[in-house]
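Student: Could you take me through one part of this model closely, the place where the two chains meet, and then show me how the chain on the other side is put together?

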Amino acid sequence: MKSSQRDPLGLYMIGIVGLFLAGFFLLVVFGAKSYGNIVAAQNGNMETRATLSYISTSVKGSDSAGAVEIMDSEYGHVLIINDGDTGFALRIYRCNGELVEDFAASGAGLSPENSQVIGETQVFEVERPCSDMLIVRTDEGRVILRLRSEGSGR
Amino acid sequence: MKKNGHITAFYVETLLLVVIFVAIILVLTNVLGLGRRESGDARLLTKAVTLAENAAETVACADSGEALLGLLDENGNALRKDAATFDVRYGADMAPDAKGPFSVEVTWEPEQGTVGTLVSSRITVRYGQSEAPIYTLETAVYLKEAER
């Protein structure tokens with residue numbers, strides 16, 4: 001007889017457990033979403049640095065007269081950075097949605113199979129509006145570089 | 001009497017537990033929210049640094065204030081604020097955009113030397129309506145007599 005009656009303590013317990021479960025569930029969902037956003041932003045920052053800063057560093061590291069050239073190829077624009085007088089050059093270009101680089105003899109054909117991946121990009125455009133200015137565009141934005149070696153010597 | 005006392009103690013304990021649980025959830029939510037905000041700020045800062053670096057390189061390429069304005073301007077995104085200050089606008093994707101949220105303020109302050117001119121430039125990047133700068137960079141370029 002007594003067991004058929006509603007026990008307020010039992011309902012209270014169920015309510016508390018339900019509240020705890022709902023709280024944990026919301027916390028896990030919110031936490032997972034926040035973590036996903038943080039990782040996405042971190043990857044975005046890394047991509048930006050990897051593509052734009054890497055190109056900038058490569059160009060500035062070999063900024064000697066006539067070292068930087070732009071070539072059109074079957075892969076689109078190719079940024080050629082000659083390694084001094086060694087007869088070799090670093091070539092940066094886009095292949096299969098990836099920005100790649102290879103190091104080979106100047107004038108040799110491009111070899112994407114021997115290249116290293118810098119990052120992912122759907123766009124790679126190199127422009128030289130004046131002799132001492134280089135503009136490189138990728139998915140992550142663009143980087144402007146002043147070629148000190150091509151300037152007026154200031 | 002004894003049973004009622006036990007039940008009251010149980011209610012008090014569970015209420016206390018709920019309060020502690022809610023407090024923990026609030027703290028964790030704040031921590032996660034802070035992480036999210038910081039991550040967004042880091043993204044903005046990375047873009048601001050890239051835009052400031054680009055502006056600094058453009059300053060290095062210019063030999064006069066007019067030339068700088070010409071080099072900075074793409075699709076009408078650069079304005080002259082005063083004689084020595086330019087405001088350049090970029091979109092959230094860092095593409096030139098006259099109505100974009102990124103504002104890059106570039107100054108051109110020549111200082112006459114004995115054989116040339118030292119031009120100092122302060123580059124300040126802001127985002128949206130906020131007046132607080134995200135990133136500030138100072139650079140300088142030396143112009144020989146013939147270049148002025």
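Tutor: Happy to. Across the interface of chain B and chain A the rule finds five salt bridges, a salt bridge being a side-chain nitrogen of Lys or Arg within 4 Å of a carboxyl oxygen of Asp or Glu. One of them pairs Glu57(B) with Lys60(A), whose closest N and O atoms are 3.0 Å apart. Before going on, a word on the source: this is a predicted model, in which local features need pLDDT of at least 70 and side-chain atom pairs count only at pLDDT 80 or more, while totals for chains, interfaces and linings use all residues. Residues are numbered from 1 along each chain as its sequence is written, chains are lettered from A and ligands numbered from 1 in the order in which they are written, and side-chain values use heavy atoms, with hydrogens and water left out.

On the side of chain B that touches chain A, the elements that give two or more residues are helix H1 (2-61) and strand S6 (135-144) of chain B; helices (H or I, at least four residues) and strands (E, at least two) are DSSP runs, numbered from the N terminus. H1(B) gives the most, with 24 residues. By type, this side of chain B divides into 20 nonpolar, nine polar and eight charged residues, where Ala, Val, Leu, Ile, Met, Phe, Trp, Tyr, Cys and Pro count as nonpolar, Asp, Glu, Lys and Arg as charged, and the others, Gly among them, as polar.

In all, 37 residues of chain B are in contact with 36 residues of chain A, contact meaning heavy atoms within 4.5 Å. The area buried between the chains is about 3,200 Å², with carbon and sulfur atoms giving 62%; this is the accessible area (1.4 Å probe) that two parts lose on being put together, summed over both. Phe21(B), Arg36(B) and Glu57(B) supply 19% of the area that chain B buries against chain A, more than any other three residues.

Arg36(B) also leads us across to chain A. Leaving aside its neighbours within four places in sequence, Ser34(A) is in contact with Leu32(B) and Arg36(B). Ser34(A) is found in helix H1 (residues 8-61) of chain A, and it counts as buried because its relative accessibility is 0% (buried means under 20% relative accessible area, exposed over 50%, partly exposed in between, with a 1.4 Å probe and protein chains only).

Elsewhere in chain A, strand S7 (residues 133-138) runs antiparallel to S8(A), joined by six bridges; two strands pair if DSSP finds at least two bridges between them. A hairpin links S7(A) to S8(A) through two residues, and Ile135(A) has Ile144(A) as its bridge partner in S8(A). Val136(A), also in S7(A), is buried because its relative accessibility is 0%. Among its contacts, leaving aside neighbours within four places in sequence, are Ile55(A), Phe124(A) and Arg142(A).

S8(A) itself (residues 141-146) is largely enclosed by the rest of the structure, because six of its six residues are buried. Gly141(A), Val143(A) and Leu145(A) point one way, and Arg142(A), Ile144(A) and Arg146(A) the other.
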